[in-house]
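Thanks, everyone, for making the time.

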Amino acid sequence: DEWREHGAAVGTRTETDASGKAHTKTVKKGVKDFSFGRTLGDGSYSTVLAATDRQTMKEYAVKVLDKRHIIKEKKVKYVNIERDTLNRLTEHPGIVRLYYTFQDERSLYFVLDLASGGELLSTLKKMGTFDVECTRFYGAQILDSIAYMHSRGVIHRDLKPENVLLDRDMHTKITDFGTAKILPDPKPQGAGNDMVPGNPTDGADQDRANSFVGTAEYVSPELLQRANACKASDLWAFGCIIYQLLAGRPPFKAANEYLTFQKILNLEYTFPDGFPPLARDLVERLLVLDPANRLPVEHIRNHPFFEGVQWGKGLWRQSAPKLR
Ligand SMILES: O=C(O)C[C@H](Cc1nc2cc(Cl)cc(Cl)c2[nH]1)c1ccc(Cl)cc1
């Protein structure tokens, strides 16, 4: 009988004392409840290990962060943002699910979905490029997850093929919410491009919102011009991802970050010969400098490139197309 409370699922255990009286204790999962296996990945602030829950034998990915390092590098805020964001995004198949968080004297632990298919980027590198059918399927799943995130007032701010994982059925799971932005309530309606209002009190937060930019190749022009992230910033990155799946490389890539930023601000990119025309039209409506003029989610869903896609539950039940 487990229940979820603030993202930390707690269990209860009943013990009987010497006189045979039963005592029910509420226990939080801890390191001892898991047997750790191979390292799945190493980040600058975390290591992700495969782990099995000793009681249920279920497999998870456990992200372990060193407390001292987190504090020294002033990343405490990011860790708590990641936990709070993941606790908000619990009802969607396209988002990595957070089951438990706990800590011991040295580390912090996120117990997450195990996405055994690895990163979408690795699969793309193996294939070179995706065909239209695969791009449509993976693009639709990523868009569906972005729509859900935005409906829950979360902007990811660092969407890229490395942050799209694949599960055992080759379905997508978006991860890495440490740099996400949670929009202030009231719960935002629909897929508007509301800019993130910065009020004077959250100066530090405001500053953080400005100081953070995502990964060079996917960062939107507004973020480079020190505006705030907005939902449309994720749709810019989505446009870059669609382009990259079909072309095998991102639209804006130069010898260094500064030159990449210049290309973005000058909208300096071209389509390779043979780039599918419907996909080209969609990308051209997303890679727009003014975030207010970018295609919003609902219009992307209805774009001809996604003609025939079954949105909603069907999208997540169907089997992934064969990568060829
Ligand atoms: O148990 C919870 O959910 C709340 C704690 C909050 C929390 N305790 C912390 C201690 C340190 Cl040293 C650093 C951070 Cl970022 C800390 N965040 C926590 C524990 C683990 C993780 Cl991964 C996130 C937050």
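Before I give a volume, let me say that a cavity here is a set of grid points where a 1.4 Å probe fits but cannot get out, and that its volume is the space filled by probe spheres set on those points. Please also keep in mind that this is a predicted model.

With that in place, the structure holds one cavity of 30 Å³ or more, and about 70 Å³ of space lies in the largest cavity. Its lining includes Arg-157, Asp-158, Tyr-218 and Asp-234, and helix H7, residues 231–247, supplies the largest share of that lining, with three residues. Sorted by class, the lining comprises five nonpolar, four polar and three charged residues.

Now to the ligand, which is surrounded by 13 residues, the closest being Lys-28, Asn-80, Arg-83, Thr-101 and Phe-110. In the side chain of Asn-80, an N or O atom sits 2.9 Å from a nitrogen atom of the ligand, while a polar side-chain atom of Arg-83 is 3.1 Å from a ligand oxygen atom. For Gln-103, the distance from a side-chain N or O atom to a nitrogen atom of the ligand is 3.4 Å. Of the 540 Å² of accessible area that the ligand has on its own, the protein covers 82%.

Which element gives the most to the shell around the ligand? That is H2, with four residues, and by class the shell has seven nonpolar, three polar and three charged residues.

Technical notes:
Residues are numbered from 1 along each chain as its sequence is written. This is a predicted model: local features need pLDDT of at least 70, side-chain atom pairs count only at pLDDT 80 or more; totals for chains, interfaces and linings use all residues. Side-chain values use heavy atoms; hydrogens and water are left out. A residue is near a molecule or strand if one of its heavy atoms lies within 4 Å of it. A polar contact is a pair of N or O atoms within 3.5 Å; within protein, one must be able to donate a hydrogen and the other to accept it, and residues adjacent in sequence count only if both atoms are side-chain atoms. Accessible areas come from the Shrake-Rupley method with a 1.4 Å probe; for residues, only the protein chains shown count as cover. Helices (H or I, at least four residues) and strands (E, at least two) are DSSP runs, numbered from the N terminus. Ala, Val, Leu, Ile, Met, Phe, Trp, Tyr, Cys and Pro count as nonpolar, Asp, Glu, Lys and Arg as charged, and the others, Gly among them, as polar. On a 1 Å grid over the protein atoms alone, a cavity is a set of points where a 1.4 Å probe fits but cannot get out, and a pocket is an open set with protein on both sides within 12 Å along at least five of seven lines; lining residues have an atom within 4 Å of a point.
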